[in-house]
Amino acid sequence: MTATNDRAPREQSAAAPSPFPPIADHAFLSDCHTGALIAPDGGVGWLCVPSFDSPSVFGTLLDRQAGYFRLGPFGIHHPAARAYEPGTNVMVTTWKTPTGWIEVRDALTVGPHTDEDMVTPHTRPPADDDADHLLVRTARCLEGTVEVELVCEPAFDYGRTPAEWSVKADGGRHEAEATGAGQTLRLQTDLALGQEGDRVRGRRALTVGDEIYCALSWGADEVPDLDDARRRLAATTRYWRSWLNRARLPDHRWRDPIQRAALVVKGLTYMPTGATVAALTTSLPETPGGERNWDYRYTWMRDSTFTLQALHYLNLDWEANEFMQFVADLEPNDDGSLQIMYGIDGRRDLTESIREELSGYAGAHPVRIGNGAFDQRQNDVFGAVLDSVLLHNRRSQRLPRRLWAIVESQARCATAVWREPDQGIWEARGKPQHYVSSKLMCWVALDRAAKLAEIRSDRALAEQWRATAEEIKQDILAHGVTDAGVLRQHYETDSLDASTLLAAMFGFFPHGDERLLASVNAIADGLTENGFVLRYRTEETDDGLAGREGTFLICSFWLVSALAIAGEEQRARDLMERLLRVASPLGLYAEEFDVETGRHLGNFPQAFSHLALIEAAARIILTEFQQEFS
């Protein structure tokens, strides 16, 4: 008898053996113009220059041949320890080899600047410190003897174009220039360099006390020697710590994760315009080996309210103001509405294309550049923008003229469209529906517009917008609530959707309302895997895509906030502690968490996840503080 195997192929596991390091094992560096991901072996797995949304020059995160840059011990690929310098986005990696120990420091450097930035021009007033447009790396021998290797092999335009090199030496200083696809990189080091095809390489045996450096530049700055490399690393450390000193950080057991989340949010801010990118990367899969892969290197209007909440909670009012000015600069659609997302330079066209030549992370395909959802109708955008404006202006109790124009236009647009179906907060690519969260955010838009009109002493408009907000609320209560008193995903289903947790966070229900607790409990009990929250159940939702997805970290943090608001403080604390335990080894979060494997999924690091962490922690800390004095 011949055995047959007729079992259906299994879905790929996030923990399947792969040459691609786990997403969450990467370190995040930033100079607030662009960011880099450093793999555990010391290789730069992702770097786009000169800005977050530029084409990658190192992209082994998406294809093992799409560009590589490593400084580390020869033949050793697993470090002894990795950690950020406290209070910074400067990375320190310690390596043990059979013959000794070395320490490698990595940073996208930031320092004092008085000249105008010609690489990424600013639309915001320049700050005292700005990006050097440099990736600086040093290696120092701590004990014994260690052979250190430098390998630099850029592949321009997302891996399409190999580098053309020219190498020269001037005494102890060595320089190599790589060109391709209209870009130029300069590598400076005190290691002797040799060219090997599309890459340059250098090696040296270090003994105790020896130190070498390398610096990759895409701007005008040069790093002529080790002393200058050390100076720039020290300036970068001072920059991040000085910035963090301005933040209001609670003296609480969660201080460290809040601080790391703040550093991530700041690191994902594009200093020239004040925009915040949703994540550093594109096309890291939500489903292992699947097609749920998106480009997140843009700024979403729905992120605005969560960004402002986090920044104001941390007392980072300068960054909050920069972001609001970016929003005020944006070009609206013909009807006056804002798009759901924009480029970090404010551009509107984010047309999506697919790079067929890239393998994708662990075979996840397609690899997308751009985001086809940019011109979708998503009615939640109005509420996010107006809640942001209200948050930002409550302290000053004044409303600048340029922001009032946004209030009027977004309130007018929300009034016009709230009855219409849309694609929803999750940008479903299926049929438009009457999503409850979209109706809810239209209610937020008119409720906040009315409050802003009161700040402006325009009572007539305040009454008009308040009446519309009430009409929207009654429509939601009539059509968006099940017989069990639970908010549904959209008007044609009783399925659950984590976005309805926003009803708790935006004050839709009065305190103690039974429908609030019923909705929160329904999601906690019926839309979770091992306690972590799904956006929705993919088998119940027409999102235009195949395959399952992991639990969404932002939704899990939203549930923490909602439980705290609903008076379930201990359940909120329990879930918060679990979420803090699943952070990456360096305290970072991707978009999703696979409960079966313990792996992070989706783009990384994800601003939304860290913003939601800050808000959830703040709600619990505030409750604990109030209980101390009650």
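**Close-up views of a predicted protein model**

**View 1. Cysteine C32 is tucked among the buried residues.** With a relative accessibility of 1%, C32 counts as buried. Here buried means under 20% relative accessible area, exposed means over 50%, and partly exposed lies in between, using a 1.4 Å probe and protein chains only. Please keep in mind that this is a predicted model, in which local features need pLDDT of at least 70 and side-chain atom pairs count only at pLDDT 80 or more, while totals for chains, interfaces and linings use all residues. Residues are numbered from 1 along each chain as its sequence is written, and side-chain values use heavy atoms, with hydrogens and water left out.

**View 2. Which cysteine sulfur is nearest to that of C32?** A disulfide is a covalent bond between the sulfur atoms of two cysteines. In this model, a pair of cysteine sulfur atoms must be within 2.5 Å to count as one. Searching the whole structure turns up 0 disulfides. C32 takes part in none, and its nearest cysteine sulfur belongs to C48, 16 Å away. C442 is also in no disulfide; for this residue the nearest cysteine sulfur is that of C413, at 10 Å. Like C32, which is buried at 1% relative accessibility, C442 is buried, with a value of 1%.

**View 3. Arginine R448 sits in helix α8.** This helix covers residues 436-455. Helices (H or I, at least four residues) and strands (E, at least two) are DSSP runs, numbered from the N terminus. Is R448 buried or exposed? R448 counts as buried because its relative accessible area is 10%. Setting aside neighbours within four places in sequence, look for the contacts of R448 with L386, D387, L390, W443 and F506. A contact means heavy atoms within 4.5 Å.

**View 4. Two prolines follow cis peptide bonds.** Most residues other than glycine have a negative phi, and most peptide bonds are trans. The bond joining V49 and P50 is cis, with omega at about 5°. You will find P50 in the loop that runs between β3 (44-48) and β4 (56-58). A cis bond also links H365 to P366, where omega is about 10°. P366 belongs to the loop between β21 (353-354) and β22 (368-369).

View 5. What is the phi of D157? Its value is near 55°, which is positive in a residue other than glycine. Y158 is not a glycine either, yet its phi is positive at about 55°. D157 is buried, with a relative accessible area of 19%, and Y158 is buried at 4% relative accessibility.

**View 6. Stepping back, here is the whole protein with its 14 helices and 27 strands.** The C-alpha atoms fill a box of roughly 80 × 75 × 50 Å along the principal axes. Of the 630 residues, 63% are buried. Among contacts between residues at least 6 apart in sequence, 67% join residues at least 24 apart. As for charge, the mean positions of the 64 positive and 92 negative charges are 3 Å apart. Lys and Arg count as positive and Asp and Glu as negative, while His and the chain ends are not counted. Each charge is placed at NZ of Lys, CZ of Arg, CG of Asp or CD of Glu.
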